[in-house]
Amino acid sequence: MKILIVVGARPNFMKAAPILKAISEFNAARPEWTEEVVPVLVHTGQHYDAQMSDAFFADLELPHPDVFLGAGSGSHAEQTAEVMKRFEPVLANVDPDALVVIGDVNSTLACALVAAKLASRAHGRPLIAHVEAGLRSFDRSMPEEINRILTDQISDVLFVSEKSGIRNLGAEGVPADRVYFVGNTMIDSLHEHEAKAEHSRVLERFGLERGEYVLLTLHRAANVDDRECFLEILDGLSGLAASHRVIFPAHPRTQKQISEHDLEAYFRPRRIDYERWNSGVQMVEPQGYLDFLCLMKNARMVVTDSGGIQEETTALGIPCVTVRDNTERPVTTEIGTNLLAGTRRETIRAVIQRQLAFPGSCAVPEKWDGRAGARIVQILSERLMDHSALAAGLPEAQIPENA
Ligand code: UD1
C-alpha cells in the first residue's frame with residue numbers, strides 16, 4: 001500500500017512528521033494479514049532554503065524526501081503551475097494508492113489538482129486525502145482560502161482538525177462520509193517536541209527572560225506588501241515595543257518588504273524618533289522548529305498573522321494577538337487564548353492591552369491530544385483496504401473489521 005505525502009512550505013513540515021511516524025508505528029504493529037504501508041515523501045521546493053526548509057527536516061527528524069521537485073518561488077500562478085508540471089510525471093511514476101496533501105499552501109492545491117485529473121482516476125486511484133480540511137476564513141482575498149476551498153472540493157477523504165471544519169464542509173455540500181474529525185497533526189508535533197525544545201539555547205542567544213518578552217511574526221502579503229498597511233501595524237505595536245522586549249523572527253517575504261519599503265530603522269532595538277517611536281522590536285532571522293517552539297512556550301504573549309501559530313499558542317495556553325480581521329481557526333478564539341486585533345493601529349493597541357491581562361488557559365480543543373497522525377493512518381488504511389477488497393470483488397463480510 002503506497003502513500004505519497006506532499007510537503008512544500010514551512011507550515012507543512014510539522015504537520016507531515018506525525019503522519020510519517022504513525023506509518024512506521026502502524027507497520028511495526030501490523031497484523032500478519034495487512035500489507036505494509038510504504039510512504040513516499042515528495043518535497044515540492046516551494047520553500048527551499050536552509051532556514052525555511054532544511055532546519056525543519058533536521059529538528060523534526062524527517063526523512064530525506066524521496067523526490068525534490070525544486071519548484072521554488074514565483075507569482076501564485078507561476079508557483080502553482082510549476083509544481084503541477086513537475087509533480088505530474090512523479091505521480092504517474094510512483095502510482096500511489098493514496099495521495100496526502102496538507103494545509104492550504106500553493107503546493108497543496110497544485111498536487112491535489114494534478115491527481116484529480118490523472119487518467120487513472122477513473123478507477124479511483126489515487127485516493128486524495130486532505131489533512132487540515134474544512135478551515136474557512138470566509139475571506140476569498142486570501143490565496144490560502146482559495147487553496148482550501150478547491151482542495152476540499154477535489155479530495156476524497158477530508159481530515160478535519162477542529163469541529164468548525166465539519167460544519168463548513170457540510171455547508172459546501174461535501175458528503176459526510178468523506179469527512180473525519182481526527183484532531184491536529186501540528187499539535188502532535190508540538191507534544192512530541194515540547195520537552196526537547198526546553199533544551200534550546202535560543203533565550204540565552206537573544207538575552208531573553210522567560211515570561212518577559214513578546215514574540216512577533218508577520219508575513220501575510222495583505223499586512224506586509226503595502227507600505228502604509230505595514231506602517232499602520234508597526235504603529236499599533238509601538239506602545240508594546242516601548243514596554244516589552246519584542247523579538248521578531250522575520251519571514252524572507254517580510255525581510256524583503258522591509259528593505260524595499262525602507263523600514264529597517266523601525267527594527268533597531270532603540271529609540272529612533274523621539275516624537276513617535278520607541279521601538280524595541282528586534283528583527284532576527286527565521287528560527288528552526290525547536291528554537292521557535294521554545295520562544296513561543298516562554299513568551300509573555302505572541303503577536304502574529306500566521307494560521308498555525310494561533311493553534312500552537314492555544315495548545316500551549318499562551319495569549320496570542322492575531323493581526324487579522326478573521327481567522328479560519330475559530331476554536332482558538334473560543335478557547336480564549338487568541339484574540340483578533342484587525343489591522344488598524346487603535347484596535348491592535350486595545351487588543352494587546354486586553355491580552356496582556358489574560359491569565360492564560362489550560363483548556364485544549366477536542367482531539368488535540370497528539371494522536372491525529374495515528375487516526376489518519378488508521379482511517380487511510382481502512383479506506384484503502386475497503387477499496388482494494390471491493391476492486392478484487394471480495395464480499396464485504398471478508399473485509400477485516402479492524403483493517
Ligand atoms: C507561504 C504560504 C502561506 C504560509 C507561509 C508560511 C501560499 C499561498 N502561502 O507563504 O500559507 O503561511 O508560506 O511560511 O502557499 N522565500 C525565501 N526562501 C524560502 C521560501 C520563500 O526567500 O525558502 C521567499 C520567496 O522568494 C518569496 C517569499 O519568500 O519572495 C514568499 O514565499 P512564498 O512561498 O511565495 O509564500 P509565503 O509568503 O512564504
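**Entry 1: the two domains**

How much area do domain 1 and domain 2 bury between them? I looked this up first. The answer is about 1600 Å², 51% of it on carbon and sulfur atoms. Buried area here is the accessible area, for a 1.4 Å probe, that two parts lose on being put together, summed over both.

I noted what I was working with. This is a predicted model, where local features need pLDDT of at least 70, side-chain atom pairs count only at pLDDT 80 or more, and totals for chains, interfaces and linings use all residues. Residues are numbered from 1 along each chain as its sequence is written, and side-chain values use heavy atoms, with hydrogens and water left out.

Then I checked the bounds. Domain 1 covers 2–183 + 371–398, and domain 2 covers 201–357. Such bounds come from an automatic or database domain assignment. I found 31 Å between the two domain centres, taken over C-alpha atoms. The contact (heavy atoms within 4.5 Å) takes 21 residues from domain 1 and 17 residues from domain 2.

**Entry 2: the side of domain 1**

Which residues of domain 1 lose the most area to domain 2? I found Gln-51, Asp-59 and Glu-162, together 31% of what that side buries.

Next I counted polar contacts. A polar contact is a pair of N or O atoms within 3.5 Å; within protein, one must be able to donate a hydrogen and the other to accept it, and residues adjacent in sequence count only if both atoms are side-chain atoms. Eight residue pairs are in polar contact between the domains, both at pLDDT 80 or more.

I listed the elements that give two or more residues to this side: α1 (10–28), α2 (50–59) and α5 (143–154). Helices (H or I, at least four residues) and strands (E, at least two) are DSSP runs, numbered from the N terminus. Helix α2 gives the most, with five residues. By type, the side has seven nonpolar, five polar and nine charged residues. Asp, Glu, Lys and Arg count as charged; Ala, Val, Leu, Ile, Met, Phe, Trp, Tyr, Cys and Pro as nonpolar; the others, Gly among them, as polar.

**Entry 3: salt bridges**

I used the rule of a Lys or Arg side-chain nitrogen within 4 Å of a carboxyl oxygen of Asp or Glu. The structure holds 30 salt bridges. Three cross the interface of domain 1 and domain 2. I looked at Arg-148. Its side chain meets that of Glu-328 in a salt bridge (3.4 Å, N to O). Arg-148 also forms one with Glu-145, the closest N and O atoms being 2.5 Å apart. Glu-145 and Arg-148 are three residues apart in helix α5, so about one helical turn separates them.

**Entry 4: the sheet**

I traced an open sheet of seven strands, in the order β3-β2-β1-β4-β5-β6-β7, with parallel pairing. Two strands pair if DSSP finds at least two bridges between them. The edge strands are β3 (67–68) and β7 (179–181). Strand β2 (residues 38–43) pairs with β3 over two bridges. His-43 has Phe-68 in β3 as its bridge partner.

Most residues other than glycine have a negative phi, and most peptide bonds are trans. I found an exception to each. The bond from Arg-125 to Pro-126 is cis, with omega near -5°. Pro-126 is in the loop between α4 (106–116) and β5 (127–133). Asp-262 has a positive phi, near 60°. Asp-262 lies in the loop between α11 (252–260) and β10 (281–284).
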